[in-house]
Amino acid sequence: MSAGMLGKTGLCGVIGDPIEHTMSPAIHNAAFTRMGLDYVYVPFLVKKEGLGKAIDGMRALNIRGLNVTIPHKVAVIPLLDELDPLAEKIGAVNTITNDGGVLKGTNTDAGGFLQTLLERGIEPEGKKVVILGAGGAARAVSFILAERGAHLVILNRRLERAKELAGRLSATLNKGVKALELVADNLAQVLGEADILVNTTSVGMNPNINETPVPSSLLKPGLVVVDIVYKPIRTRLLREAEAVGAKTVDGVDMFVWQGALAFEIWTGARAPVELMRAEVVRQLKSHEK
Ligand code: ATR
């Protein structure tokens, strides 16, 4: 029996604006089919002013799970009944689960990022990590790394945003986090000591594929370079890091893992991660042509 043929089909989806380029329906529907689960996953274009009604609709229609993307990750929080402690610290939710009318918010972007490192044998505990950017993605990445025991420095183009995030981290985790402006001098100073570099800025993202946030002369072998940008899969930063012998991690797996963790919360089944990854790579490659 295919999904959607019975009266008890579970419904999941993603809300955001814009939404038409999302790859989430592809990975979730492929996973439901592979696992023989009677669920469907659909994209919903939800404007800022429609968020409250969309969440009411989740309750009224008994939608099992929603992913939340730009621009709703922060605004959705007061509309939920419960928040897990990590999502609360991060101040952003990307996954909502409807348990018998009780809406619970969580943040699988953070867990997905950590899982991506761990599955490659990269343990952030005790490591010196340089984070580029101080936006929403940087928040999820920096909280999970700090919780795991990494030592963080945050560099951002607008210094006051880096300071704000560092202040938030320091207050919540009771340990100091350094904030600097994202300029070459500061990069040179912090990268000399760093074990891991994470780019959470949009520098290098399609269509600006010839840009990089870090001059290649500052990259070194032994550094782990993570770019959460996945369009293109191999950013200029990753290509240059690879060329000097640094270990590189692209943004595909973080996307896959945030979806896989949401899938597991909603269905209770183990996510077919390899299948989801293949689906994302297939879609990205067909777009890159
Ligand atoms: P996200 O949720 O993906 O993190 P965001 O909150 O808009 O998106 O954050 C984008 C990040 O990319 C910010 O850190 C931004 O720097 P500013 O805070 O100074 O705006 C960074 N960014 C975007 N374009 C940039 C550029 N050309 N050079 C340097 N940083 C850039």
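**Note on the predicted model: sheet, ligand site and backbone details**

1. In this predicted model, strands S5 and S6 make a hairpin with two residues between the strands, and Gly 100 in that hairpin has a positive phi near 60 degrees. S5 covers residues 95-99, runs antiparallel to S6 and is joined to S6 by five bridges. One of the residue pairs between them is Thr 95 with Thr 106, the latter in S6.

2. S6, residues 102-106, also pairs with S4, here in the parallel sense and over two bridges. Glu 82 has Lys 104 of S6 as its bridge partner. Leu 83 stands opposite Gly 105, also in S6.

3. These strands belong to an open sheet of six, with mixed pairing and the order S2-S1-S3-S5-S6-S4. Its edge strands are S2 (39-45) and S4 (82-83), each of which pairs on one side only.

4. Which residues surround the ligand? They are Gly 133, Ala 134, Gly 135, Gly 136, Ala 137, Asn 156, Arg 157, Arg 158, Arg 161, Thr 201, Ser 202 and Val 203. Sorted by class, this shell has three nonpolar, six polar and three charged residues.

5. A polar atom in the side chain of Arg 157 lies 2.8 Å from a ligand oxygen. For Arg 158, an N or O atom of the side chain is 2.9 Å from an oxygen atom of the ligand. Gly 136 contributes through its backbone: an N or O atom there lies 3.1 Å from a ligand oxygen. On its own the ligand has 650 Å² of accessible area, and the protein covers 69% of that area.

6. The structure holds four aromatic pairs. One of them is Phe 32 with Phe 263: the ring centres are 5.4 Å apart and the planes are at 25 degrees, so this pair counts as stacked. Phe 32 belongs to helix H1 (residues 24-35) and Phe 263 to helix H9 (residues 252-267), so the pair ties together parts that are 231 residues apart in sequence. Phe 32 and Phe 263 are both buried. Together with Tyr 39, these two residues form one aromatic cluster.

7. Another pair that involves H9 is Tyr 41 with Trp 266. Stacked or tilted? With ring centres 6.2 Å apart and planes at 40 degrees, the pair of Tyr 41 and Trp 266 is tilted. Tyr 41 lies in strand S2 and Trp 266 in helix H9, so this pair links parts 225 residues apart in sequence. Both Tyr 41 and Trp 266 are buried. S2 is also an edge strand of the sheet in point 3.

8. Thr 248 sits in strand S12 (residues 247-249). Its relative accessible area is 17%, so Thr 248 counts as buried, the limit being under 20%. The side chain of Thr 248 makes a polar contact of 3.0 Å with the side chain of Arg 234.

9. Leu 37 is in the loop between H1 and S2. Buried or partly exposed? At a relative accessible area of 21%, Leu 37 is partly exposed. The C-alpha atoms of Leu 37 and Ile 19 are 24 Å apart in space, while the two residues are 18 apart in sequence.

10. Some backbone geometry deserves a check against the model. Most peptide bonds are trans, and most residues other than glycine have a negative phi. The bond from Ile 70 to Pro 71 is cis, with omega near 10 degrees; Pro 71 lies in the loop between strand S3 (65-68) and S4. Lys 231 and Pro 232 are likewise joined by a cis peptide bond, with omega about 5 degrees. Pro 232 is found in the loop between strand S11 (224-227) and helix H8 (236-243).

11. Asn 62 is not a glycine, yet has a positive phi of about 55 degrees. Where does Asn 62 lie? Asn 62 is in the loop between helix H2 (51-60) and S3. With 52% relative accessibility, Asn 62 counts as exposed.

Conventions. Residues numbered from 1 in each chain as written. Predicted model: local features only at pLDDT ≥ 70, side-chain atom pairs only at ≥ 80, totals over all residues. Heavy atoms only, no water. Near = heavy atom within 4 Å. Polar contact = N/O pair within 3.5 Å; in protein donor to acceptor, adjacent residues only side chain to side chain. Areas by Shrake-Rupley, 256 points an atom, 1.4 Å probe, with all protein chains shown as cover. Nonpolar A, V, L, I, M, F, W, Y, C, P; charged D, E, K, R; others polar. Pairing = 2+ DSSP bridges. Helix = DSSP H or I, 4+ residues; strand = E, 2+ residues; numbered from the N terminus. Phe/Tyr/Trp six-rings, centres within 6.5 Å; stacked < 30°, edge-to-face > 60°. Buried < 20%, exposed > 50% of the residue type's maximum accessible area, 1.4 Å probe, protein only.
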